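Subject: Structure handover

Hi,

Here is the structure I promised to pass on. Please open it first, then read the notes below.

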Amino acid sequence: QVQLVESGGGLVQPGGSLRLSCVASGNILNIYTLGWYRQAPGKQRELVADIASGFVTNYGESVKGRFTISTDKNTVYLQMNSLKPEDTAVYYCYGDLVVYIAERMTRGDYWGLGTQVTISA
């Protein structure tokens, strides 16, 4: 089984910071991309940031200059600074992974269950 487990969400005042973490575990043979998406109530899920090959980063326009994505082996982090109420959402960890399941290698997209981030005074 492959799991992505997020942590670090919570309630923060506007202007504050949070750091999200996500650990990918299981029979993982290769990691192409790890990243974060978010979904606010009534809105579509959107890319926050992702990191490919361990160093090529990509950010959504609304978070550029405020959020930083990084990785350490099978863990991906999202440092979120200068948080705004519009950053309120469920944040999902995502992985484009090669895994070994049922005696074969397969590449696929894997998702965590999400962690709530609420920005409010």
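**What I found**

E103 sits in the loop between β9 and β10 (104-111). Strands here are DSSP runs of E with at least two residues, and helices are runs of H or I with at least four; both are numbered from the N terminus. E103 is exposed, with a relative accessible area of 72%. On this scale, buried means under 20% relative accessible area, exposed means over 50%, and partly exposed lies in between (1.4 Å probe, protein chains only). The phi of E103 is positive, near 65 degrees, though the residue is not glycine.

Some ground rules. This is a predicted model, in which local features need pLDDT of at least 70 and side-chain atom pairs count only at pLDDT 80 or more, while totals for chains, interfaces and linings use all residues. Residues are numbered from 1 along each chain as its sequence is written, and side-chain values use heavy atoms, with hydrogens and water left out.

**The loop between β8 and β9**

S82 is another non-glycine residue with a positive phi, about 50 degrees. It lies in the loop between β8 and β9. S82 is partly exposed, at 41% relative accessibility.

L83 is in the loop between β8 (75-80) and β9 as well. Is L83 buried or exposed? It is buried, with a relative accessible area of 2%. Setting aside neighbours within four places in sequence, L83 contacts V12, P14, G15, G16, S17, L18, R66, F67 and I119. Contact means heavy atoms within 4.5 Å. The C-alpha atoms of L83 and F67 are 8.9 Å apart, with the two residues 16 apart along the chain.

**Strand pairing**

Two strands pair if DSSP finds at least two bridges between them. β1 (residues 3-7) has two faces: L4 and E6 are on the covered one, while Q3, V5 and S7 are on the uncovered one. β1 pairs antiparallel with β3 (residues 18-25) over 5 bridges. There, E6 has C22 in β3 as its bridge partner.

β4 (residues 28-39) runs antiparallel to β9, joined by 10 bridges. N30 stands opposite V98 in β9. β4 is also joined to β5 (residues 46-52) by 6 bridges, again antiparallel. G35 has D50 in β5 as its bridge partner. β4 and β5 form a hairpin with 6 residues between them. In that turn, G42 has a positive phi of about 80 degrees.

A52 belongs to β5. It is partly exposed, with a relative accessible area of 22%. Beyond neighbours within four places in sequence, A52 is in contact with Y32 and T33. The C-alpha atoms of A52 and T71 are separated by 9.7 Å, and the residues are 19 apart along the chain.

**Two residues in β9**

D96 is in β9 (residues 89-101). It is buried, at a relative accessible area of 10%. Apart from neighbours within four places in sequence, D96 contacts N30, I31, Y32, T33, R107, G108 and D109.

Best wishes
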